[in-house]
Amino acid sequence: MEVVPTAVVILAAGSGSRVGAEVNKVLLPLRGVPVLVWSLRDALALPGVRRVVLVVRPEDREAVGEAVAPHLGDREVLLVDGGSSRHASEWAALQVLAADVEAGEVEVVAVHDGARPLAGPALWRAVVAAAHESGGAVPVVPVAALVHDDLTAVTETVGGVQTPQAFRAGLLLAAYRAAARDGFEGTDTSACVAAHGEVNVTAVPGSVLNLKVTFPEDVALAEELSPPRPAAG
């Protein structure tokens with residue numbers, strides 16, 4: 001597989017309100033390490049990764065720094081303050097990466113939700129490779145449990161979109177700059193690219209294991225589904 005110069009943005013600027021925690025949910029323990037560390041290790045293991053940006057709430061900077069430091073080894077990550085929305089947080093990270101993108105040091109940017117700890121290295125590699133080839137890539141899983149307004153079942157093929165989502169860096173940066181000029185905010189990375197760029201996006205098979213920690217039961221479920229604790233960094 002071709003090694004693609006890549007930057008990774010991990011969004012960790014949420015809270016623990018719906019999960020019932022007093023701390024940011026990405027700092028909750030999962031097999032002995034913070035939820036965020038699982039995604040961070042996957043990102044750092046990507047062949048060709050040049051930059052890793054963690055987007056955090058200003059009040060979480062110290063806690064996140066202390067949580068991830070023991071797992072970095074000799075690697076470095078950038079901590080960036082997030083915005084008031086997901087889109088604003090992504091834009092803050094891309095502005096930090098802009099110089100590397102414009103210099104050609106980064107060819108693909110992957111954006112991931114830090115509350116999805118079980119994406120796994122194979123999915124990360126797949127979306128980066130597909131984005132490098134086609135322009136963009138998102139993980140998609142079938143969604144069957146949907147109904148119409150009249151409560152009849154949705155029978156056509158429907159896909160649920162996950163993260164990490166990856167895009168060619170120049171296209172992604174241009175889309176977010178255009179969105180900033182227009183005052184547009186997307187619900188996720190692919191929404192902004194779809195609204196402000198002509199990009200062929202590849203659907204990469206996602207996984208039902210790639211759950212998002214949102215509610216209290218998700219923490220316990222992730223514990224059951226997760227592989228043995230990763231080795232120390």
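A cavity is a set of grid points where a 1.4 Å probe fits but cannot get out, and its lining residues have an atom within 4 Å of a point. In this predicted model, the largest cavity is lined by Val9, Glu90, Leu94, Val111, Leu172 and Thr189. The packing of helix H5 (residues 169-182) with helix H3 (residues 86-102) and with helix H6 (residues 189-196) is set out below.

**Cavity**
- The count comes to one cavity of 30 Å³ or more.
- The volume of the largest cavity is about 30 Å³.
- Its lining comprises four nonpolar residues, one polar and one charged.

**H3 and H5**
- The axes of H3 and H5 lie 10 Å apart, at an angle of about 130 degrees, which makes H3 oblique to H5.
- The crossing of H3 past H5 is left-handed.
- On the H3 side the contact residues are His87, Glu90, Trp91, Leu94, Ala98, Val101 and Glu102; on the H5 side they are Ala169, Gly170, Leu172, Leu173, Tyr176, Arg177, Ala179 and Ala180.
- By class, this contact holds ten nonpolar, two polar and three charged residues.

**H5 and H6**
- H5 packs against H6 at an angle of about 80 degrees, with the axes 9 Å apart.
- Angles of 65 to 115 degrees count as roughly perpendicular, so H5 and H6 are roughly perpendicular to each other.
- H5 contributes Leu172, Ala175, Tyr176, Ala178, Ala179 and Asp182 to the contact, and H6 contributes Thr189, Cys192, Val193 and His196.
- Seven nonpolar residues, two polar and one charged make up the contact of H5 with H6.

Key
Residues are numbered from 1 along each chain as its sequence is written. This is a predicted model: local features need pLDDT of at least 70, side-chain atom pairs count only at pLDDT 80 or more; totals for chains, interfaces and linings use all residues. Side-chain values use heavy atoms; hydrogens and water are left out. Axes are lines fitted to C-alpha atoms, for helices over the stretch in contact, and angles run from 0 to 180 degrees between N-to-C directions. Helices (H or I, at least four residues) and strands (E, at least two) are DSSP runs, numbered from the N terminus. Angles under 35 degrees count as roughly parallel, over 145 as roughly antiparallel, 65 to 115 as roughly perpendicular and the rest as oblique. A crossing is left-handed if the near helix is turned anticlockwise from the far one by less than a right angle, and right-handed if clockwise. Contact means heavy atoms within 4.5 Å. Ala, Val, Leu, Ile, Met, Phe, Trp, Tyr, Cys and Pro count as nonpolar, Asp, Glu, Lys and Arg as charged, and the others, Gly among them, as polar. On a 1 Å grid over the protein atoms alone, a cavity is a set of points where a 1.4 Å probe fits but cannot get out, and a pocket is an open set with protein on both sides within 12 Å along at least five of seven lines; lining residues have an atom within 4 Å of a point. Grid points are joined across faces, edges and corners, and a volume is the space filled by probe spheres set on the points.
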